[in-house]
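Here's a quick briefing for anyone meeting this structure for the first time. Take a look at it, then read on.

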Amino acid sequence: MRQRISTWLTILIGVITVIFSFIFAVLQSR
Amino acid sequence: MHRKKTLQGVFWILVYLLLTLAPLAIILAGPRPEGRELWREFSVALGFVGLAMMALQFVLTARFKTIKSPYGADVVYYFHRQISLVTFALILAHPLLLFIFAPQTLRLLNIFTAPWRARAGVTALVALAVLIAISIWRKQIKLEYNRWRVWHGLLAIAAVTLAMMHILLVGHYMNTPLKQALWLGYGLFWVFLLLYVRLIKPFLLQRKPYEVVKTVQERGDSWTLVLKPIGHPGMSFMPGQFAWLTAWASPFSDQEHPFSFSSSAACTEQLSFTIKERGDFTRKIKEMSPGQRVYLDGPFGAFSVDRHPHANQYVFIAGGIGISPMMSMLRTLADRQDQRPLTLIYGNRDWESVTFREEIEAFQSRLNLKVVHVLENPPEGWKGESGLITYELLERYVPSERNRNDCEIFICGPKPMMDAVETALSRLGVYMGDYHSERFDLV
């Protein structure tokens with residue numbers, strides 16, 4: 001069960017960072 | 001208490017995200033370098049957040065108690081392992097996107113002709129790949145634990161250093177002195193972490209040594225190691241927690257092994273760990289002599305009755321040496337004259353290998369404890385439970401009438417047993433937050 005907490009945390013953080021990376025790319029690209 | 005821990009947990013997730021995304025914010029701050037294609041900037045962004053995550057792995061394993069306390073050390077270690085795969089995927093996506101959208105960049109893979117910035121980047125990626133591979137398949141490739149730890153540390157330092165060099169040599173996002181200063185700060189923060197883990201922390205541990213009082217042979221190929229603090233008051237811990245033990249080496253050598261306390265938390269003048277002979281290190285526990293100096297880093301872990309003080313009853317499900325943290329909890333509850341109903345479901349191979357058999361029997365006069373021994377190979381005439389700890393068995397002994405947080409269940413033992421018990425409890429409708437597992441196979 002505790003492993004699941006970490007799995008969800010990992011997925012959450014992975015998704016958020018990819019979204020923000022994309023936003024960065026949109027802002028930074030020409 | 002619960003609310004405070006949840007808030008702390010959320011706080012640390014936000015800090016993690018902030019630090020992960022910090023490089024992108026640094027780039028966007030102030031005058032920006034000339035923009036390039038969307039895919040190229042996306043590829044670069046993934047590389048940057050990947051590097052930040054890689055550097056943050058050092059924070060996760062630096063054993064800062066404030067970070068670990070809202071989750072427990074096990075969740076932090078699972079996260080460390082799982083996020084490393086995400087990190088690798090992000091960093092791998094960085095060159096892959098370049099190769100897909102600009103195939104001419106494939107020539108950067110040729111280490112003989114590639115510029116140094118590409119060499120550094122490719123080598124960092126290879127170091128990270130090797131690091132992950134030896135961590136996932138350590139047992140299959142028969143890499144000894146201490147040797148693995150050394151390689152793990154060296155490859156991690158190499159990967160982060162080379163990735164930093166890659167960024168510096170590319171230099172595209174270093175267009176203002178402020179950004180250069182921010183990057184320098186980021187790099188220095190990481191160097192400080194390394195210094196803390198490798199030098200400051202070992203130095204502090206060395207100043208608080210422990211001494212072996214005795215080793216006691218227990219049933220089931222196990223030994224109890226009794227320690228006392230030298231020149232300091234010892235360590236306060238919650239029953240069920242664990243500490244990292246360094247023996248036959250200095251704390252600087254990074255040769256530590258995690259073990260659960262088996263002694264009562266009510267007594268800090270003498271601490272004990274009960275350890276089963278399983279590997280190279282654990283087989284040598286019996287050779288420890290009184291007076292031998294050892295070092296402890298701890299306590300860690302969230303596996304404790306003290307994290308759930310409002311429960312009306314506790315159930316302990318142990319397999320073999322998984323009894324060790326349970327003993328710490330039972331001894332502590334006995335010392336506190338706690339009279340709440342307790343159930344111990346204890347699986348073992350046979351009657352002779354039931355570690356702490358006699359002491360557990362004696363507990364029944366001090367505690368409101370019901371003990372259910374489950375033997376795989378019961379002796380002739382055995383009237384108790386036999387076989388494995390199954391769904392049907394748990395259905396008989398786990399209280400069926402319960403509200404949330406009313407009955408807290410603790411599970412510790414071999415991995416297959418724990419997996420089976422967790423599945424069975426879930427089928428029995430036990431609320432996920434009401435059962436807690438301690439796994440010894442974290443690394």
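Across all chains, a search of the whole structure turns up zero disulfides, a disulfide being a pair of cysteine sulfur atoms within 2.5 Å. This is a predicted model, where local features need pLDDT of at least 70, side-chain atom pairs count only at pLDDT 80 or more, and totals for chains, interfaces and linings use all residues. Residues are numbered from 1 along each chain as its sequence is written, chains are lettered from A and ligands numbered from 1 in the order in which they are written, and side-chain values use heavy atoms, with hydrogens and water left out.

**Cysteines**
- Take B:Cys407: the closest cysteine sulfur belongs to B:Cys412 and sits 17 Å from its own, so that's too far for a bond.
- B:Cys407 is buried, with a relative accessible area of 1% (buried means under 20% relative accessible area, exposed over 50%, partly exposed in between, using a 1.4 Å probe and protein chains only).
- B:Cys412 is buried too, at 0% relative accessible area.

**The cavity**
- Searching the whole structure gives one cavity of 30 Å³ or more. On a 1 Å grid over the protein atoms alone, a cavity is a set of points where a 1.4 Å probe fits but cannot get out, and lining residues have an atom within 4 Å of a point.
- The largest cavity has a volume of about 30 Å³, volume being the space filled by probe spheres set on the points, which are joined across faces, edges and corners.
- Its lining is made up of B:Leu19, B:Ala52, B:Ala55, B:Leu56, B:Tyr186 and B:Phe189.
- In chain B, α2 (38-60) and α7 (177-206) are the elements that give two or more residues to that lining, and α2(B) gives the most, with three. Helices here are DSSP runs (H or I, at least four residues), numbered from the N terminus.
- By class, the lining has six nonpolar, no polar and no charged residues (Ala, Val, Leu, Ile, Met, Phe, Trp, Tyr, Cys and Pro count as nonpolar, Asp, Glu, Lys and Arg as charged, and the others, Gly among them, as polar).

- Helix α6 (residues 145-170) of chain B has 26 residues and spans 37 Å from first C-alpha to last, close to the 38 Å expected at 1.5 Å a residue; the expected span is 1.5 Å times one less than the number of residues.
- Helix α9 (residues 323-335) of chain B has 13 residues and reaches 18 Å, close to the 18 Å expected.
- α9(B) is mostly covered, with 12 of its 13 residues buried, including B:Ile323, B:Arg331 and B:Ala334.
- α9(B) is followed by B:Gln337, whose phi is positive, near 55 degrees.

Conventions:
1 Å grid on protein atoms, 1.4 Å probe; cavity = no way out; pocket = protein on both sides within 12 Å on 5 of 7 lines; lining within 4 Å.
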